[in-house]
Structure formats: C-alpha cells, structure tokens
Amino acid sequence: MRRVLLLLVSSGLVFSGLSLASAVTPKAGAACKKLGAVAIAGGKEFKCIQQGKKRIWSKGVTIKASPKVTATPTSSPVATPSVAGSPSASASPTPVQSPTVTTSVAASPTPTPTPTPTPTPTPTPTVSGYTRAEVSQRNTATNCWTIINESIYDLTSWINSHPGGSGAIRSLCGSDGTSSFRGVHGNASNPMQELNSRYVGKLKS
C-alpha cells in the first residue's frame, strides 16, 4: 500500500512539474530552472537543457498538428417485417460468364534462306590449233613459241628461268624443237611437266 502511495505522489510531482513548465512562456536561450522540463508555446515544444554551467531553453521543435478524426454516424439497420404469402419460386442463379483469356502466340520469324552460291564452272580449255607459219612468227625473246611432238608451247616466260641457260630456249623460238628437246631431256618427266604447264594448242597440218 505504501508503494502505491509513493508512486501516486511521484506521479503527481512529475505532472505538476510539467504543468508548471508548460505555464511558463519559454524563449530559446532563456534561462530555465528544471533540467529536462518541457514547455509548449507558439506551436513549438521547448526543453530545458544543460549548456555549460547554465540551464537554458532549447530552440524548440515545431509540433505537427495531428489530423482531427470526425466520427461518421453509423445507421442502425431497420428490420423489415416479412410478409407471409404464397411461396415464390426460387430465383435461378445467373451464371457468371468467365472472362475469355486470349493467348497471343508470337509468330516466329520465317528464316531467310541462305542463297547457295552457284559454283563457277571450270572453263574447258579450248584446243586451238596453229600452223607452222603462225608459230614461225613468234621467234623472239619476248614472244617465243615452239613445236614439240606436234604440240605448241609458249616458252617466253621460261627463257630466263631455264636451268640450262636462256640460249637453249631461244634457239627453239619459232621452230620445231622436237629433236633438240629429246636429245637433251629424252623422256624425263620433269621437263615434260614444265612443257605441259605452257601448252598453247595442237599443230595444224
């Protein structure tokens, strides 16, 4: 019981201190007496704080006004007396139509066919023929044709590359070099391969 009385007295002292502090019109920086006391004035809340050796009022914090709640009267439902009569047919429930969900399917892009490259036909070498008179006109180092085994070969680019010297090739320009070729190379395969790469055409009779 004593504890309850002490709590009541303490609470009364605290409330009285607050009410006294609230009664005083505070001013920021002015001296106050009780540390921690709170006072409200001009829409601001001031608090007694310790600054150095003095107790002064703080600058004050603006108090936000809480919105007023207006009570809306609730009307009490009025009971409607039921009239006894002939039983009415029960109403059939109206079916609720479910929303139709349309699923749109994005059309996949049609792949563009990659054009197949048309193979370039390998040109078929045209076997052309030349007369001995035409071959005899090509008898210089810049235009050197010769006849070997009834076939005509252009040896112009081979003159300076011939391992046996350019003179051996130049002696064949514009003439039939079959005997000279056979006398030096016989049936060796390498010279024949070199000749085949320089083939021009067949000799016309």
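**Disulfides and hairpins in a predicted model**

A search of the whole structure, which is a predicted model, finds two disulfides.

Colleague: Which residue does C32 join in a disulfide?
Modeller: Start with where the partner sits: C32 is in the loop between α1 and β1, and the other cysteine is in strand β2, 16 residues apart. The S to S distance is 1.9 Å, and a disulfide needs sulfur atoms within 2.5 Å. The residue joined to C32 is C48.

Colleague: Is C48 buried or exposed?
Modeller: Buried means under 20% relative accessible area. C48 has 1% relative accessibility, so C48 counts as buried.

Colleague: Is the link of C144 and C173 right-handed or left-handed?
Modeller: C144 lies in strand β7 and C173 in the loop between α3 and β9, so the pair ties together parts that are 29 residues apart in sequence. About the S-S bond there are -100 degrees. That makes the link of C144 and C173 left-handed.

Colleague: How many bridges join β1 to β2?
Modeller: Let's look at the strands themselves: β1 covers residues 38-41 and β2 covers residues 44-51, and they run antiparallel. In this pair, V38 stands opposite K47. The number of bridges joining β1 to β2 is four.

Colleague: Which residue in the turn between β2 and β3 has a positive phi?
Modeller: β2 and β3 pair in the antiparallel sense over four bridges, with Q51 opposite K54. They form a hairpin with two residues between them. The turn residue with a positive phi, about 70 degrees, is G52.

Key. Residues are numbered from 1 along each chain as its sequence is written. This is a predicted model: local features need pLDDT of at least 70, side-chain atom pairs count only at pLDDT 80 or more; totals for chains, interfaces and linings use all residues. Side-chain values use heavy atoms; hydrogens and water are left out. Two strands pair if DSSP finds at least two bridges between them. Buried means under 20% relative accessible area, exposed over 50%, partly exposed in between (1.4 Å probe, protein chains only).
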